[in-house]
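Colleague: I'd like to learn how to read the features of this model one at a time. Start with the general idea each time, then show me the case.

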Amino acid sequence: MMRNLVGIGLLLLFAAGSTLAQPYPSRPVRLIAAQSAGSSLDTIVRIVTPKLSEMLGQQIVIDNRGGAGGIIGIELAARASADGYTLLVGGPSSMILSRFTYSKLAFDTTRDFDPVSMIVNAESVMVVHPGMPVKSVQEFIALARAKPRTLNMGSAGIGASSHLAGIMFVNLSGIETVHVPYKGGGPMATAVVAGEAQWAISPAAALMGHIKAGRLKALAISSASRSPLMPDLPTIAEAGVPGYEYTSWNSIFVPKGTPRAIIAKLHATTQKVLVEPDVKQHFANQGLSPLGSASPEAFGKFFRADFARMEKLVKVAGLKPE
């Protein structure tokens, strides 16, 4: 009897050891995208995921969790096991701005997540409904001043990048418009196309398809200098709002405590994906350039520094916790 028990124990130990020895990943990986389908983040995730799945040798299942400025998806990821089988892709709106726009959160992004890598650093584009009688930022400002609080500004939700970018524009240009938050970048873009909202400043990936099809009219870009991917678009600053600058990013995170070896593998694989010619071309089609990170530690340093930058922007925009 004792020999049988010992034998069973050895078999169980062997089985456990075999399981632990399996190379990562040995089963499908869930990737939580903290925005709705059709958003700029969703577009970016769907460019990267097929090649990432191929290189890791396992399917990556995208789980879109939009709403509440991305905090629904982040809270879900924060509660997940730190085993490398749950990834989170977020941007400053969800990973940083939520701290300043929501008074009660069930997570702390600096405490509950480990950074892996940046994916892209993205400019935003100022767009208007094509029926708007304006062809420039200056003409838009003149119209908004002539008709205060009659134009609706669309955003992807309270605390979203498009919210902050738009409020900064309103404050710096001295106009008055009505903020209309939607449940993600996709619904926001659809609202401007339909004329329900008349203007927005949003990451290019959520808007490029509509711009190319003529369903939206692009007036300017949000970065400090013109984009080589959209060289004909002036910056908002040079188009009439001195001092305006706003850029965003999307990056990969994992729950805090994920093994360093897994983080290192995810980081290295992501860097390989971002230099693939077809991935770079897909990004270019959306007006974006892929931008990786030298190391998880380097991205972590950038992430912490961006907290300070965003806090200053929040003060300029006058956003308050709700």
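Modeller: Let's begin with burial: buried means under 20% relative accessible area, exposed over 50%, and partly exposed in between. Keep in mind that this is a predicted model.

Colleague: Then is aspartate 112 buried or exposed?

Modeller: Its relative accessible area is 17%, so aspartate 112 is buried. It also has a charged partner: the side chains of aspartate 112 and arginine 111 meet in a salt bridge, 2.9 Å from N to O.

Colleague: How many salt bridges are there by this rule?

Modeller: The rule asks for a side-chain nitrogen of Lys or Arg within 4 Å of a carboxyl oxygen of Asp or Glu. The count comes to 14. One of them joins glutamate 238 to arginine 226, with the closest N and O atoms 3.1 Å apart. Both partners sit in the loop between β8 (217-221) and β9 (247-255), so this bridge ties together parts that are twelve residues apart in sequence. Glutamate 238 is partly exposed at 48%, and arginine 226 is partly exposed too, at 39%. Elsewhere, shared partners join Lys51, Glu54, Glu276 and Asp278 into one network.

Colleague: Let's turn to the rings. How many aromatic pairs does the structure hold?

Modeller: A pair of aromatic rings is described by the distance of the centres and the angle of the planes. The structure holds 14 such pairs. Take tryptophan 249 and phenylalanine 303, an edge-to-face pair with 6.1 Å between centres and 85° between planes. This pair links distant parts of the chain: tryptophan 249 in strand β9 and phenylalanine 303 in helix α13, 54 residues apart. Both tryptophan 249 and phenylalanine 303 are buried. Next, phenylalanine 303 and phenylalanine 307 have ring centres 5.5 Å apart and planes at 75°, so this pair is edge-to-face as well. These two lie four residues apart in helix α13, about one turn of the helix. Ring pairs link a cluster that includes Phe100, Phe253, Trp249 and Phe303.

Colleague: What sits over the ring of tyrosine 85?

Modeller: That's the charged end of arginine 27, 3.7 Å from the ring centre.

Colleague: And which residues touch the most other members of the largest nonpolar core?

Modeller: In soluble globular proteins, nonpolar side chains tend to be buried together. Here the largest core has 50 residues, and Phe140, Phe169 and Trp199 touch the most other members. Leaving out residues up to four places away in sequence, phenylalanine 140 touches, among others, Met126, Leu151, Phe169, Ile175 and Leu219. Apart from that core lies another of 30 residues, including Tyr24, Ile44, Val48 and Ala205.

Colleague: Last topic, the backbone. Which residues does a cis peptide bond join?

Modeller: Most residues other than glycine have a negative phi, and most peptide bonds are trans. Tyrosine 24 and proline 25 are joined by a cis bond, with omega about -5°. Proline 25 is in the loop between α1 (2-20) and β1 (29-33). For phi, look at arginine 149, a residue other than glycine with a positive value near 60°. Arginine 149 lies in the loop between α7 (137-146) and β5 (152-155), and at 52% relative accessibility it counts as exposed.

Technical notes. Residues numbered from 1 in each chain as written. Predicted model: local features only at pLDDT ≥ 70, side-chain atom pairs only at ≥ 80, totals over all residues. Heavy atoms only, no water. Buried < 20%, exposed > 50% of the residue type's maximum accessible area, 1.4 Å probe, protein only. Phe/Tyr/Trp six-rings, centres within 6.5 Å; stacked < 30°, edge-to-face > 60°. Lys NZ or Arg CZ within 6 Å of the ring centre and 35° of its normal. Core = buried A, V, L, I, M, F, W, Y, C linked by side-chain atoms within 4.5 Å. Contact = heavy atoms within 4.5 Å.
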